[in-house]
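Trainee: I would like to learn how to read salt bridges and helix packing in a model such as this one. Could we go through them one at a time?

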Amino acid sequence: NTSIEDEILIFSSSVQCTTLEHIRTHSHLPTKVGMPFRRHPPPDPTTLEARRTWLACYFMTTNTAMALHRPFLLRWTSFMAECVDVLESSPEAAPTDKYFCHLVWTHQLAEEIGFQFCMDDPSVAVNLSDHMTQHRVRGFERELEKHRKDVPKELMQRTCQMFLCVR
């Protein structure tokens, strides 16, 4: 068992690491995107490793954007949904892939919540008494509850419980 102080320290270290990752991603983006591959052909994006890597990039950049209240660097795409489907169903997938896919799903939901409520814009104030806001919140609560019930007990580890708001 870890104490609350240990968990705060771990969280603080995590935020510092994600801050560095966000800076690293943003500083390299303008020089890497759109440049042709000169020495090597591009990697095959349909391999399990490439799919896992792409989802890990999405997970890390989304996590960083939420922690820093910054715009999302990567948006959820149909290819990412396909990656989740492949990693959850492939017989060659790693034992941790299904668990990782549940964590990625939580970040996809968080991205959607962020866009619905403009959470990356500090000038926007969400009015919780607004009828449409309440409707959206209830919809997200239902979606979260449905997904929470779909996670097998053996995959409901501490991190997954935290992201799915399980007590």
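Mentor: Let us begin with salt bridges, where the rule asks for a side-chain nitrogen of Lys or Arg within 4 Å of a carboxyl oxygen of Asp or Glu; by this rule the count comes to three salt bridges. Keep in mind that this is a predicted model, in which local features need pLDDT of at least 70 and side-chain atom pairs count only at pLDDT 80 or more, while totals for chains, interfaces and linings use all residues. Residues are numbered from 1 along each chain as its sequence is written, and side-chain values use heavy atoms, with hydrogens and water left out.

Trainee: Which residue forms a salt bridge with Arg51, and how far apart are the closest N and O atoms?

Mentor: The partner of Arg51 is Glu82, with 2.9 Å between the closest N and O atoms. This pair links distant parts of the chain, since Glu82 sits in helix α3 (residues 78-89) and Arg51 in helix α2 (residues 48-68), 31 residues apart; helices here are DSSP runs of H or I with at least four residues, numbered from the N terminus.

Trainee: Is Arg51 buried or exposed?

Mentor: Buried means under 20% relative accessible area, exposed means over 50%, and partly exposed lies in between, using a 1.4 Å probe and protein chains only. Arg51, at 5%, is therefore buried, whereas Glu82, at 37%, is partly exposed.

Trainee: Which side chain meets Asp97 in a salt bridge?

Mentor: That is Arg52, at 2.8 Å from N to O. Because Arg52 belongs to helix α2 and Asp97 to helix α4 (residues 97-116), the pair ties together parts that are 45 residues apart in sequence. Asp97 is buried at 1% relative accessibility, while Arg52 is partly exposed at 26%.

Trainee: And which side chain does Arg75 meet in a salt bridge?

Mentor: Arg75 meets Glu111, with 3.1 Å from N to O. Arg75 lies in the loop between α2 and α3 and Glu111 in helix α4, so parts 36 residues apart in sequence are tied together.

Trainee: At what angle do α2 and α3 pack?

Mentor: Two packed helices are described by the angle between their axes and the distance between the axes. Here α2 and α3 pack at about 125 degrees with their axes 10 Å apart, the axes being lines fitted to C-alpha atoms over the stretch in contact and the angles running from 0 to 180 degrees between N-to-C directions. Angles under 35 degrees count as roughly parallel, over 145 as roughly antiparallel, 65 to 115 as roughly perpendicular and the rest as oblique, so α2 and α3 are oblique to each other.

Notes:
Helix = DSSP H or I, 4+ residues; strand = E, 2+ residues; numbered from the N terminus.
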